[in-house]
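Have the model open while you read.

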Amino acid sequence: MAKRSCLAIILAAGEGTRMKSAVPKVLHKVGGLPMLGHVLKAAAGGGAAATAVVIGPRMETVAAFVAAAAPWASLHRQGEPLGTAHAVLAAKSAIAKGADDMVVVYGDTPMVTAKTLARVRRSLAAGADIALVGFRPASPTGYGRLIVEEGQVVAIREEKDATPAQRAIGFCSGSILAFRGAILLPTLKKVRNDNAKGEYYLTDAVEIANAARRKVVAVEVDADEVAGINSRRQLAHVEGIFQRQAREAAMREGATLIAPSTVWFSHDTKVGRDVIIEPNVFFGPGVTIADGVTIRANCHIEGARIASGAIIGPFARLRPGTKIGPNVHIGDFVEVKNATIDDGAKANHLAYIGDAHVGARANVGAGTITANYDGFAKHHTEIGSDASTGSNSVLVAPVIIGAGAYVAAGSVITHNVPAEALAIARGRQMDKPGWARRYRELKGVNGNPGERKSR
């Protein structure tokens, strides 16, 4: 396809009241990313050099998201919700700048792919004036039918307006339309609101184009790709589609998922080859896993980078800012937050490592805690290479445990420990012979502490 300019027009104006939420519909998440974010990524990947996002009133949170996620995109406001063609016209200033291709896509269809947007653009490059997306659902009930005659799409007929013969058609509208840039505004100006709702429907552009003897074609895609979201149930359905595709992609690229249906990925999870993921693992946004890592069962990981050969879990939690080095072991009931764990270090069980750096080959003993928060600010703990903290140690930050140093079990460390030193910070043990027996007698208890003396 010769180089062609493209404007993506993303309609995100609907409030989605059926979601029963104070959150605008397009900000509900699929794979940890707002559905509008998925569509923005698809538009960019499909070759859009410019993007116009149409929002409705009282959607400042959507405007803020677009500004952060796609600062190159222009924002346009649809005052009254008078239909989809009216919404596209809200982006008139962006349309007027001109582009070879203009693709209209909805902000609540997060599974649309860059590949499909590129396909509809190729149809325009091949001579179509309008290219739209169609699909064949298991049941067409409720969808607009595509009326196709000899390869030409002549109309999109809503079910309530369709004849019995048209209702029998299984080819349905996927609500994505691409226009040759020069015809979009002239076509929109001809759309009328002479329907029951008094709205301006973008789908009327098909019949308007036919009346002008323009070429209108359909590009068929899988039904999952154009699944829209108007309810929590549909949101869960699309999340299921996303997770199934993410799991299949991970396994296709060389990862082993012991129980795939129990592993949950985010939109940006990166998984290397020969990674083994055991059941019941959740990946939040921002996770990168290198080759040869083992993630044991029941782990929760977000915002973390895990280097090759590491073993994580079971029952481990890695929080944002975590960097796990090669061959590190993070065991059961260990939580790591905003910390770097260097090559070969181990924290095998029952520890909290927050705002810290653990040097190579260091051992963090069971029950070790970095006390990083003083009620006002977070502070850093440094554990040197080859150092070892005994069980039930508390390292009160800011503090440095020198390379090769030992911290005795049960210690509360409040001062820096020199390299190769042993730090003991606990009360001296004192034994009082016979005290336990005298105490029980005082309390009226016989030799067996569990039996109370009769009175």
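## Salt bridges

The count comes to 14 salt bridges, a salt bridge being a side-chain nitrogen of Lys or Arg within 4 Å of a carboxyl oxygen of Asp or Glu. Bear in mind that this is a predicted model, where local features need pLDDT of at least 70 and side-chain atom pairs count only at pLDDT 80 or more, while totals for chains, interfaces and linings use all residues. Residues are numbered from 1 along each chain as its sequence is written, and side-chain values use heavy atoms, with hydrogens and water left out.

Take D129 and R180: they form one of these bridges, with the closest N and O atoms 2.8 Å apart. D129 sits in the loop between α5 and β7 (130-135), and R180 in strand β10 (residues 172-180), so the pair ties together parts that are 51 residues apart in sequence. (Helices are DSSP runs of H or I with at least four residues, strands are runs of E with at least two, and both are numbered from the N terminus.) D129 is buried at 10% relative accessible area, whereas R180 is partly exposed at 29%. Here buried means under 20% relative accessible area, exposed means over 50%, and partly exposed is in between, using a 1.4 Å probe and protein chains only.

## Bridges on β24

Which residue does E335 pair with? Its side chain meets that of R317 in a salt bridge, at 3.6 Å from N to O. E335 is in strand β24 (residues 329-341) and R317 in strand β22, so this pair links parts 18 residues apart in sequence. E335 is partly exposed, with a relative accessible area of 22%, and R317 is partly exposed too, at 36%.

D355 and K337 make another bridge, at 2.6 Å from N to O. D355 belongs to strand β25 (residues 346-358) and K337 to strand β24, so here as well the parts tied together are 18 residues apart in sequence. Both D355 and K337 are buried. Elsewhere, salt bridges with shared partners join R4, D101 and R121 into one network.

## The cavity

A search of the whole structure turns up one cavity of 30 Å³ or more. On a 1 Å grid over the protein atoms alone, a cavity is a set of points where a 1.4 Å probe fits but cannot get out; a pocket is an open set with protein on both sides within 12 Å along at least five of seven lines, and lining residues have an atom within 4 Å of a point.

The largest cavity has a volume of about 50 Å³, and its lining includes C6, A8, V103, V105, L117 and R121. Two or more lining residues come from each of β1 (6-11), β6 (101-106) and α5 (114-125).

Of the 19 residues that line it, the closest to its centre are M111, F242, Q245, A246 and H267. The elements giving two or more residues to this lining are α1 (35-45) and α9 (232-252), and α9 gives the most, with six.

F315 is found in the loop between β21 (311-312) and β22 (317-318). F315 is partly exposed, with a relative accessible area of 41%.

A423, in strand β34 (residues 422-423), is buried at 11%. A423 and I401 are 22 residues apart in sequence and 9.2 Å apart in space, C-alpha to C-alpha.

Conventions. Points joined across faces, edges and corners; volume = space filled by probe spheres on them.
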